[in-house]
Amino acid sequence: MSNHNYTLPERSLCDSSAQGFMRVAAAVPTVTIADVNANVDAIAETLETLKESAVRIVVFPEMSLTGYTCGDLFHQSELLDGVLAGIERLKEVSSRCGMMFVVGAPLTVLDTLYNCAVAFAGGKVVAVVPKTYLPNYNEFYERRWFASGADLPSGVTEWGVDHVPFGTDVIIDVDGVGVGIEICEDLWTPVPPSTRAALGGAEIILNLSASDDLIGKYGYLKSLLAQQSARCMSAYVYSSAGFGESTTDLVFDGKALVYENGALLAEAPRWTRHAVFAVADVDIEALRRDRRHMMSFSDSRKLEAKEGMRRVCAVIPAVRREGLLRKVDPRPFVPDNGELIDARCEEIINIQISGLAQRLHATHTGSLVVGISGGLDSTLALLVAVRTFDALGIDRKGITGVTMPGFGTTDRTHDNAVELMKSLGITIREISIVDAVKQHFSDIGHDIDVHDVTYENSQARERTQLLMDIANQVSGMVLGTGDLSELALGWATYNGDHMSMYGVNAGIPKTLVRHLVRWCAMSTPDLHERDILLDIVDTPISPELIPADENGNIKQKTEDLVGPYELHDFFLYYTLRFGFTPRRVYYLATHAFDGIYDSATILHWLRTFYRRFFSQQFKRSCLPDGPKVGSVCLSPRGDWRMPSDASSSAWLREVDGIKPL
């Protein structure tokens, strides 16, 4: 067997295009009705402006060469001849702008007029796509002027003397990225042409529109764009007619939006009297990962894509793009929409409650035992347990909270644990583990002054033994408190805090745990309980297994040892949710945490993440049951199947090859 060494091509950490992003724009210039020359000037001026932003793909509104509201002028030869001259001018513009751009125009094929999208790149027309579905309402009865692209005469596949690909079956290749096109009404149909284009390989959909504004229509349109981009697992770039269109009966507000897989990336202001555009970097690599991962997408391709799509190439000069034109959320697990925060937090808590309620029902159990440390994880688990008992109509006294002070327990965490249990009205037990652990050290011959892993894990396992035995006493089950971040890093003692009968926090990362506890604090009417919860939120994260400092404060801080949880949660999200490489995770992190952590710090903890994530899989391979909450979960029974013996060497090599920005 031969042994080959393969070297991947170097990808610049500064160039967003090299990192798998495509910069797109939805542009809305002002329009002059029936004046093609003026409209070409406006388009060219907009392109010149966008050139400064290194945009790669631009879409303009429907009929942007003539104006959408020309009416019967569409059948005037003067206008149609002007369109052909305008196309020649735009070909020259495309030779120097360095973009692929698409404009709307009326074009004739075999004496039949079509409402078309004309794509330009590199000094020529690349493709022409006619509109499939023609509206027959309001003042614009398009069938009066145009034929549907679905009814092309047999054998018509090209347009013009240059034999440009013409039809609804065209996908344009830009830098290896598939681009599909549909026009206005096409989107509003039960099966939009963009669906077929996406199944045929289009990762970006462009929509040239002339959608008038009505009360409530904009919100509906945005929901439609979000849904279609999500269904197609694509980006969707939408441009609609604005100022300059005739207002005889309708008004056009000038919409420019960019969506990606259900999320709004960019939106331009409406109702302006000047050109506007929305620019965003589309994450092509993320879209491709989701299409690979969702087998239903490839199944749909087999079932629905009955005919092949033609792929034509748009050749434009390479460009280097510094920076990234999109927000990279440093806390991807935490809700950030102000209007939806309460609903989202309540939904998360209810998922936990529902999972625990079913487990109690299935096991005919009316008792829970929870270890309460005064830290974030046990606090959230206890809050969920209390709400579950309330929902089931079970007395809260059926919850036994056990605080087990040890060598490193501080007054702050101990007092918070006790006060919280009192406030919630559960059964309280306090059992010191000091004497039992000392006896254990004596039994195994361990020096109590040696604060090593044996010293720490003996305490964790003693606490777990107590909880399990108390659960036997009360005919109950032990509720696990460990969270998703700890599982990812293996920050748990095997068969210690690693084990329980049900891990209610197993799908909740640490950044979200903190957020949920704070949300619970702010939503409770009990001011004393609120003060306790807020102090718990502000307490340094620690297992408290090492004695406190001389002032009685926490000495062993988890984030000093394994790194900031907000970084690890970020690494976890992009590694599991999208399968990104270390280089790309690092690139995104430097944008998300700009001004918070320097690049060397991010790189240091990224290496720690991969090293621990791989080496600690054996703990995740035998996890207790627990509810899945978000798109990232580490259950070995479904969401994450990884051999415990997997090597991290390839990932660590890539990390070691990254030079801090």
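**Exercise 1. Is Ala-54 buried or exposed, and what is its phi value near?**

Step 1: start with accessibility. Ala-54 has a relative accessible area of 12%, so it is buried. For the cut-offs, buried means under 20% relative accessible area, exposed means over 50%, and partly exposed lies in between (1.4 Å probe, protein chains only).

Step 2: check the backbone. Phi of Ala-54 is near 60°, a positive value in a residue other than glycine.

Step 3: Ala-54 sits in the loop between helix H1 (36–51) and strand S2 (57–59). Helices (H or I, at least four residues) and strands (E, at least two) are DSSP runs, numbered from the N terminus.

A quick note on what you're looking at: this is a predicted model, where local features need pLDDT of at least 70, side-chain atom pairs count only at pLDDT 80 or more, and totals for chains, interfaces and linings use all residues. Residues are numbered from 1 along each chain as its sequence is written, and side-chain values use heavy atoms, with hydrogens and water left out.

**Exercise 2. Where does Asp-175 lie, and what is its phi?**

Step 1: find the loop. Asp-175 lies between strand S10 (170–174) and strand S11 (177–183).

Step 2: read phi. Asp-175 is not a glycine, yet its phi is positive, about 55°.

Step 3: Asp-175 counts as partly exposed because its relative accessibility is 46%.

**Exercise 3. How many bridges join S4 to S5, and do the strands run parallel or antiparallel?**

Step 1: count. Strand S4 (residues 112–121) is joined to S5 by six bridges, and the two run antiparallel. Two strands pair if DSSP finds at least two bridges between them.

Step 2: pick out one bridge. Ala-121 has Lys-124 in S5 as its bridge partner.

Step 3: look at the turn. S4 and S5 form a hairpin with two residues between them, and Gly-122 in the turn has a positive phi of about 60°.

Step 4: see how covered S5 is. Strand S5 (residues 124–130) has six of its seven residues buried.

**Exercise 4. What is the strand order in the open sheet of five strands, and which strands stand at its edges?**

Step 1: write the order. The sheet reads S20-S19-S18-S21-S22, with parallel pairing.

Step 2: find the edges. S20 and strand S22 (502–503) each have a single partner strand, so one side of each is left without a neighbour in the sheet.

Step 3: go through two of the pairings. Strand S18 (residues 368–371) and strand S21 (residues 477–480) run parallel, joined by two bridges; Val-369 has Val-478 in S21 as its bridge partner. Strand S19 (residues 399–403) pairs with strand S20 (residues 427–430) in the parallel sense over four bridges. Here the partner of Val-402 is Arg-429 in S20.

Step 4: follow the chain. From S19 the chain crosses through helix H9 (residues 411–424) to S20, a right-handed β-α-β crossover. Right-handed here means that, with the strands pointing away from the viewer, the path from the first strand over the helix to the second runs clockwise.

**Exercise 5. Which residues is Thr-379 in contact with, leaving aside its neighbours within four places in sequence?**

Step 1: locate it. Thr-379 is part of helix H8 (residues 376–392).

Step 2: check burial. Thr-379 counts as buried because its relative accessibility is 0%.

Step 3: list the partners. They are Gly-374, Leu-420, Val-517, Leu-533 and Ile-536. Contact means heavy atoms within 4.5 Å.

**Exercise 6. What volume does the largest pocket have, and which element gives the most to its lining?**

Step 1: get the volume. The largest pocket has about 1500 Å³. On a 1 Å grid over the protein atoms alone, a pocket is an open set of points with protein on both sides within 12 Å along at least five of seven lines, and lining residues have an atom within 4 Å of a point.

Step 2: name the residues closest to the centre. Of the 39 lining residues, these are Ala-263, Asp-329, Pro-332, Asp-336 and Tyr-573.

Step 3: find the contributor. H7 gives the most to the lining, with four residues.

Terms used. 1 Å grid on protein atoms, 1.4 Å probe; cavity = no way out; pocket = protein on both sides within 12 Å on 5 of 7 lines; lining within 4 Å. Points joined across faces, edges and corners; volume = space filled by probe spheres on them.
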